[in-house]
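This report covers a ligand site and a set of aromatic pairs. The structure comes first, then the details.

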Amino acid sequence: MSLTLHFHPLSSFCWKALIALYENDTPFAANEVDLGNPAEREALLKLSPIGRFPVLEDTARREVVPESTIIIEYLDRHYPGPARFIPTDAEAALQVRLRDRFLDLYLHLQMQKVVGDRLRPAGARDPHGVEQAKTQIRKSYDILEGQLATGGWAMGANFGLVDCAAAPSLFYCSQIEPFGERRKLGAYFERLKVRASFARVLKEAEPYFAMFPKEDAEQSAAR
Ligand SMILES: N[C@@H](CCC(=O)N[C@@H](CS)C(=O)NCC(=O)O)C(=O)O
């Protein structure tokens with residue numbers, strides 16, 4: 001086995017890479033990284049100076065691959081399985097990358113902003129930034145509601161990169177902002193939750209959910 005994924009089971013961007021690995025039953029070793037442990041943090045920084053996970057290490061090809069999207073593209077190129085994540089048609093691939101960027105930038109990072117604020121000490125919080133992030137999440141929901149079909153996956157019949165990106169961000173975003181009347185979005189999320197790869201990710205994360213930062217009294221009062 002040449003692949004190791006450096007990850008944490010609660011990390012949404014790690015989920016994105018895990019979904020792709022599970023989709024194809026790609027063999028890999030899972031190295032759980034505790035960023036609170038200085039030695040483990042140092043080891044991750046040696047692999048990737050940005051110090052964030054997921055990071056995929058491939059001893060066969062002597063490659064270290066950071067960034068969830070790039071990991072998925074790398075797997076698609078070098079360890080392909082029945083599920084293909086990027087279409088071979090160049091124009092279709094561009095649309096997939098565009099939707100993946102949209103989900104990461106306008107949904108996933110906005111959710112990180114809201115959750116990250118819960119970890120800040122009182123007095124160093126950014127309620128205005130949190131409100132802006134929530135507004136963006138609602139706008140992004142509306143855009144997705146307009147894009148999604150009533151069945152299938154984000155880009156049609158085939159499960160791909162965009163679905164890997166959507167599942168983790170929608171999971172955590174839905175705990176911040178409910179989908180409300182956006183029925184296509186709600187139904188799509190229900191389909192994602194029962195997809196075997198994502199259901200497995202959620203099951204494995206379950207024992208860690210208590211570690212997820214909750215809103216405190218000051219933050220709920222600011223809502
Ligand atoms: N753009 C990166 C984002 C990775 C990222 O933000 N990972 C978070 C966990 S979800 C992380 O490592 N956080 C640790 C930290 O910021 O110290 C990707 O797509 O992989």
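A polar contact here is a pair of N or O atoms within 3.5 Å. The model is predicted.

**The ligand site**

Which side chain places an N or O atom 2.7 Å from an oxygen atom of the ligand? Ser68 does. Arg52 also reaches an oxygen atom of the ligand, with a side-chain N or O atom 2.6 Å away. The protein buries 78% of the 520 Å² that the ligand exposes when taken alone.

| Side chain | Ligand atom | Distance |
|---|---|---|
| Arg52 | oxygen | 2.6 Å |
| Ser68 | oxygen | 2.7 Å |

**Aromatic pairs**

Ring centres must lie within 6.5 Å for a pair to count. By that rule there are 14 aromatic pairs. Take Tyr74 and Tyr79. Their ring centres are 6.4 Å apart and their planes meet at 40°, so the pair is tilted. The cut-offs behind that label are 30 degrees, under which planes count as stacked, and 60, over which they count as edge-to-face.

Are these two tyrosines buried or exposed, or in between? Tyr74 counts as buried because its relative accessibility is 8%, and buried means under 20%. Tyr79 has 22% relative accessibility, so Tyr79 counts as partly exposed.

Trp153 and Phe159 form another aromatic pair, and this one is edge-to-face. The centres are 5.1 Å apart, with 80° between the planes. Trp153 is buried, because its relative accessibility is 14%. Phe159 has a relative accessible area of 6%, so Phe159 is buried too.

Ring pairs also build a cluster. Its members are Trp15, Phe171, Tyr172, Phe198, Phe209 and Phe212.

How values were computed
Residues are numbered from 1 along each chain as its sequence is written. This is a predicted model: local features need pLDDT of at least 70, side-chain atom pairs count only at pLDDT 80 or more; totals for chains, interfaces and linings use all residues. Side-chain values use heavy atoms; hydrogens and water are left out. A polar contact is a pair of N or O atoms within 3.5 Å; within protein, one must be able to donate a hydrogen and the other to accept it, and residues adjacent in sequence count only if both atoms are side-chain atoms. Accessible areas come from the Shrake-Rupley method with a 1.4 Å probe; for residues, only the protein chains shown count as cover. Rings of Phe, Tyr and Trp (its six-membered ring) pair if their centres lie within 6.5 Å; planes under 30 degrees apart count as stacked, over 60 as edge-to-face and the rest as tilted. Buried means under 20% relative accessible area, exposed over 50%, partly exposed in between (1.4 Å probe, protein chains only).
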